[in-house]
Amino acid sequence: MNGAGEPTGRIRPPGTTIGLLGGGQLGRMLVLAGTNLGYRFVTLDPTPDSPCGQVSEQIRAAYDDEHAARELAERCDVITYEFENVDAGVAALLEQESSVPQGSSLLYTTQHRLREKRSIEAAGVPVAPYREISSPADMVQAVAELGVPCVLKTAVGGYDGKGQVVIRQPEEATAAYEQLAGGGAKLVLEQFIRFRCEISVIVARSTNGEAKAFPPAENIHVNNILHTSIVPARVPEPVQEEARKLALAVAESLGAVGLLAVEMFVTEDGQLYVNELAPRPHNSGHYTMEGCATSQFEQHIRAICGLPLGSTKLLTSVVMVNVLGEHLEGVVRRFAQSDVEAERLDVVPKLHLYGKSEAKPGRKMGHINLLCQDAEQALEWIEQTNIWGNK
């Protein structure tokens, strides 16, 4: 096993067993895609009747339970993960006792924003200007250097807008530092990029070094949660091609195996800045399930098992919209009826629900892929059907 991934070319054919660290919706969709290829799955997750456990065998245990990790290693031929916050001790144990093609090096890098930014820069790919913050004095100086607005983030943890504060006036610097620095948290201050839009590229890189990029998705967030992904992204084709090139360069430089989601800002003049990485299937790649010749989930299975990567060809325009807990009841009710708006707009909605037991506000309960001739039709469907209840 190799901490930077496992580009050995070894093939693990259908019929072998794949272990999954994490039992959430990403694991569930990996299992559903991999089962079609003939693989078997065992997931390790502490949640009873987890989304992934509903469609695979499940070992119910905490992620840091070394006994459970050994059981997973014994029962599986290869192990993957669906989220970044894998316990370091368990990851090291699994690398010793099983095959973890993704390795621990990329996890180590992407679990910490400063390490992540430095690794992206080392690949020759631009990131927003930033400063490491370790004291109030650092904070004041960095705000003066980068200007306002700027964004202070914790170096570890944080998602869907958590663990960050936007600073709009220099005098807000000290209060922002005090808000996030509790418990000695490492911080990073980023210059605010005035972007035209946000896009992401999902890259797959196999154990044999083969790499392919999916078409870029244009992402729209509401309340710091991904609301819609629009494909093709509404940016010029040369910008899309450059985004694919940058994402592939990052994956190659980091020695990634499996999927790597590369999130970017696009400025008004077409400049690209990488904002964040995720070494796993990604919410913004859900459109591939019906929109592409190969889904991101099938591609991940192919990559970690050494199979040839599938085509990333876009088959149709598609808009993905997330379904949150507060919207689940209305969505289920709508899908039980004839959809007049879909017929009128020539949109084909495809619903994916995750099997989560409790529909909490802000919690991702599913998504809808809207297949269409033009993204504007799908966006009008979202508006007319009021999926997110904004009317």
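What is the volume of the second largest pocket? In this predicted model, the second largest pocket has a volume of about 160 Å³. Its lining comprises 13 residues, and those lying nearest the centre are A33, N36, M289, S295 and E298. Three helices, α1 (25-36), α9 (288-291) and α10 (296-305), each contribute at least two residues to the lining of this pocket. Helix α1 provides the largest share, with 4 residues. By residue class, the lining of the second largest pocket consists of 7 nonpolar, 4 polar and 2 charged residues.

Salt bridges were searched for over the whole structure, and 18 were found. One of these joins the side chains of E190 and K153, with an N to O distance of 3.2 Å. E190 belongs to strand β8 (residues 187-191) and K153 to strand β6 (residues 150-154), so the pair ties together parts that are 37 residues apart in sequence. Both E190 and K153 are buried.

A salt bridge is also formed by E237 and R244, whose closest N and O atoms are 2.7 Å apart. The two partners fall into separate accessibility classes: E237 counts as partly exposed because its relative accessibility is 45%, whereas R244, at 16% and therefore under the 20% limit, counts as buried. In the salt bridge between E242 and K245, the closest N and O atoms are 3.8 Å apart. E242 and K245 both lie in helix α8 (residues 237-254), with a spacing of 3 residues, or about one turn of the helix. E242 has a relative accessible area of 32% and is partly exposed. Elsewhere, a network of salt bridges links E57, E71 and R75.

Aromatic pairs number 3 in the structure. In the pair formed by Y63 and F83, the ring centres are 4.9 Å apart and the planes stand at 50°, so the arrangement is tilted. Y63 is located in the loop between β3 (57-59) and α2 (66-75), and F83 in the loop between β4 (78-81) and α3 (88-97); the pair therefore ties together parts that are 20 residues apart in sequence. Y63 is partly exposed, at 25% relative accessibility, while F83 has a relative accessible area of 18% and is buried. The rings of F192 and F195 likewise form a tilted pair, with centres 6.5 Å apart and planes at 35°. F192, with a relative accessible area of 33%, is partly exposed, and F195 is also partly exposed, at 32% relative accessibility. Ring pairs join F192, F195 and F265 into a cluster.

The structure contains 0 disulfides. C197 is in no disulfide, since the nearest cysteine sulfur, that of C372, lies 17 Å away, and a disulfide requires the two sulfur atoms to be within 2.5 Å. C197 counts as buried, with 8% relative accessibility. C150 is also buried, its relative accessible area being 0%.

E178 is found in helix α7 (residues 173-180). With a relative accessibility of 57%, E178 lies over the 50% limit and therefore counts as exposed. The C-alpha atoms of E178 and S135 are 9.6 Å apart in space, while the two residues are 43 residues apart in sequence.

Definitions and conventions:
Residues numbered from 1 in each chain as written. Predicted model: local features only at pLDDT ≥ 70, side-chain atom pairs only at ≥ 80, totals over all residues. Heavy atoms only, no water. Buried < 20%, exposed > 50% of the residue type's maximum accessible area, 1.4 Å probe, protein only. 1 Å grid on protein atoms, 1.4 Å probe; cavity = no way out; pocket = protein on both sides within 12 Å on 5 of 7 lines; lining within 4 Å. Points joined across faces, edges and corners; volume = space filled by probe spheres on them. Nonpolar A, V, L, I, M, F, W, Y, C, P; charged D, E, K, R; others polar. Salt bridge = Lys/Arg side-chain N within 4 Å of Asp/Glu carboxyl O. Phe/Tyr/Trp six-rings, centres within 6.5 Å; stacked < 30°, edge-to-face > 60°.
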